[in-house]
Amino acid sequence: MIERIKVRQLALTPAIALNERLSDLKNFDIVLVELQLSSGVIGYGDALIVDGTTPETLEQAWMIVCTLADASIGASAPDATALYLQSHRAAPHATTAMVVAVEVAIGEVAVDMPIEVPRVGLVDTSGLSAFSDSLEMLPRFGRGVIRVPLAGDVLGDLGMLDQVRKAIDDDARFRLYGDQAYTPEDAIAFVSALDPAGVEWLDQPCAAGDWDALAAVKDASPVPLAASGFIYDDDDIANAAAMADSVGFAFARMGGAVQLRSAIRNAETRGLGVFVGGSLQSDLTTFLEVQASDGAIVDLPAFSAAAEPLLSAEVFNEEGRLTVRPTSPLRLNEETLASCTLQELSFG
């Protein structure tokens, strides 16, 4: 039975390169859920809300989380989860934070084991100096995987990719991230001129939900095409299977670990390749995402989008591998809570 829920709003400092349309962003807004069962066990979940990248705004996420928290005090874990998921399509990130807090509390997601995963190299395209610095860092990922963000400028992106190829090991593989930056016509022009050598996939070059555009790009593309934008349920996965080669899931919006594992099985059954790994998420979400990835490829350029950790854990990043050892039992970082919390409410 759910005995108490504390909801916090935090402002964290961005610690990753942001694309041009987000470059003025000063803070990452986090809605953090701390849920306690009558047994005393506590679970956590969070939602990082950025206007334009999440269907819900910060105000909507806060309102929905508080409403669901109030309504679920005294409910069983299954009943609370069912209640939360009714809001999933309207507010996937806020709903996921609530569901995940329950799942952590009841042991649906393992939190008492460390994670160790390969970290992909990341090309920083936020400026000329940052780009040059990232190219100097990339050789340490030789024979590894490089994530390359695209800007939607056909000639500029092709030229940038050529520079990356020259800077790193010939055996490196590339994951190209379109971030919905291309028009269908420009995306087709890009793939038509693209050297496919070493490219594992091109992800979401056109607007999410424009399945016709994705299909047209796939027909012209010499490399596998991936879909990852706003994919939440079985209908979305069916569309992706018809129009793409792979699908990307972000734990932060999938409605919890059970939902993520079901989506992975569904996609694999339909013949899709599957990867997980959100970019705009906290260290808490990343830790839980890896634990719930169910054998899917983990595409992880950074452990957290924010400078301040939510999770109390030891983090090691050596030789292109990330190791995270959390406290047992799992705890939040008290220093971050003290310095970054803007408001909090308790229910129960």
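Modeller: Two strands count as paired if DSSP finds at least two bridges between them, and helices (H or I, at least four residues) and strands (E, at least two) are DSSP runs numbered from the N terminus. This is a predicted model, in which local features need pLDDT of at least 70 and side-chain atom pairs count only at pLDDT 80 or more, while totals for chains, interfaces and linings use all residues. Residues are numbered from 1 along each chain as its sequence is written, and side-chain values use heavy atoms, with hydrogens and water left out.

Colleague: How many bridges join strand β2 to β3?

Modeller: Strand β2 covers residues 28-37 and runs antiparallel to β3. Within β3, Gly43 is the residue that stands opposite Leu35. The number of bridges joining β2 to β3 is eight.

Colleague: Which strands are the edge strands of the open sheet of four strands?

Modeller: The pairing in this open sheet is antiparallel, and the order is β3-β2-β1-β15. An edge strand here pairs on one side only, and this holds for β3 (42-49) and β15 (341-347).

Colleague: At about what angle does helix α3 run to β3?

Modeller: Axes are lines fitted to C-alpha atoms, for helices over the stretch in contact (heavy atoms within 4.5 Å), and angles run from 0 to 180 degrees between N-to-C directions. Helix α3, residues 92-106, lies across β1 (2-12), β2 and β3, and its angle to β3 is about 160 degrees.

Colleague: Is Thr323 buried or exposed, and what is its relative accessible area?

Modeller: Thr323 has its place in strand β14, residues 321-326, and touches Ile115, Glu116, Glu314, Val315 and Phe316, not counting residues up to four places away in sequence. Buried means under 20% relative accessible area, exposed over 50% and partly exposed in between, with a 1.4 Å probe and protein chains only. Thr323 is therefore buried, with a relative accessible area of 14%.

Colleague: Which residue in β14 is the bridge partner of Glu116?

Modeller: Strand β4 (residues 115-118) pairs with β14 in the antiparallel sense over four bridges. Strand β13 (residues 313-318) also runs antiparallel to β14, joined by six bridges, and there Val315 has Val324 as its bridge partner. For Glu116, the bridge partner in β14 is Thr323.

Colleague: Which residues are exposed on the other side of α7, away from the buried ones?

Modeller: In helix α7 (residues 211-220), the buried residues are Trp211, Ala213, Leu214 and Val217. They lie on the same side of α7 because they cover an arc of only 155 degrees around the axis, the arc being that of the directions from the helix axis to the C-beta atoms. What covers these buried residues includes α6 (184-193), β9 (225-227) and α8 (234-243). On the other side of α7, the exposed residues are Asp212 and Asp219.
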